[in-house]
Amino acid sequence: MRAYKKMKFIMKKIILSLVVASIAFASCKKDKTVNPTCESTVLGIAGAYKITKVVASPSGLGPIDITATYLSDACTASGVYQLNAADSSVTYSQTASCLGSGSGSYNVVGSAITIESSGNGDDFAGTISSWNCTDLVIRDLTSGTTLDYTLTKQ
């Protein structure tokens, strides 16, 4: 009888230890919540961006990195697109020594994106081919040539 009570006491300790360990382990798991600000929406992509890479893919040819040519002008290289979520507006500005500026609007519907600015600054009408909360890659098809613009969040 005494051995039975001792064994019962040991089993209770083992079970209690396992329960406590399970609770501790489960409470230390990382939450896998999606960052809602990293969505391909007007709100999700809002922010300030610079063009950091441009790749052309002419029909029948492989991709060609044309970033150096595209950004060879210091004023173009300094251009910043500010995408404002509150009113879907865009402002474009360059460094003080440059005269380029403009304003306009942008919209995102599914994977389609348009950025239109009056004045200086490029207009984009294409699809979002990649978005990781830092780099926004817009694919634009112009006259048989696919252009991938990488805009990097500042």
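Biologist: Which residue in strand 7 stands opposite Ile113?
Modeller: Gly126 does. Strands here are DSSP runs of E, at least two residues, numbered from the N terminus. This is a predicted model, where local features need pLDDT of at least 70, side-chain atom pairs count only at pLDDT 80 or more, and totals for chains, interfaces and linings use all residues. Residues are numbered from 1 along each chain as its sequence is written, and side-chain values use heavy atoms, with hydrogens and water left out.

Biologist: How many bridges between strand 6 and strand 7?
Modeller: Four, in the antiparallel sense, with strand 7 covering residues 124-131. Two strands count as paired if DSSP finds at least two bridges between them. Four residues sit between these strands in the hairpin, and Gly121 has a positive phi near 105°.

Biologist: And what about strand 5 and strand 6, parallel or antiparallel?
Modeller: Antiparallel, with eight bridges joining residues 101-109 to residues 112-119. Tyr106 faces Ile115 there.

Biologist: What does Ile115 touch, beyond four places away in sequence?
Modeller: Its contacts (heavy atoms within 4.5 Å) include Tyr81, Leu83, Val90, Tyr106, Phe124 and Ile138.

Biologist: Switching topic, how many residues are in the largest nonpolar core?
Modeller: 24, and Ile45, Tyr106, Ile113, Ile115 and Leu136 have the most contacts inside it. A core means buried (under 20% relative accessible area, 1.4 Å probe, protein chains only) Ala, Val, Leu, Ile, Met, Phe, Trp, Tyr and Cys joined through side-chain atoms within 4.5 Å.

Biologist: Which element has the lowest mean pLDDT?
Modeller: Helix 1 (an H or I run of at least four residues), residues 2-27, at 55. pLDDT is the predictor's confidence in each residue, from 0 to 100.

Key. Buried < 20%, exposed > 50% of the residue type's maximum accessible area, 1.4 Å probe, protein only.
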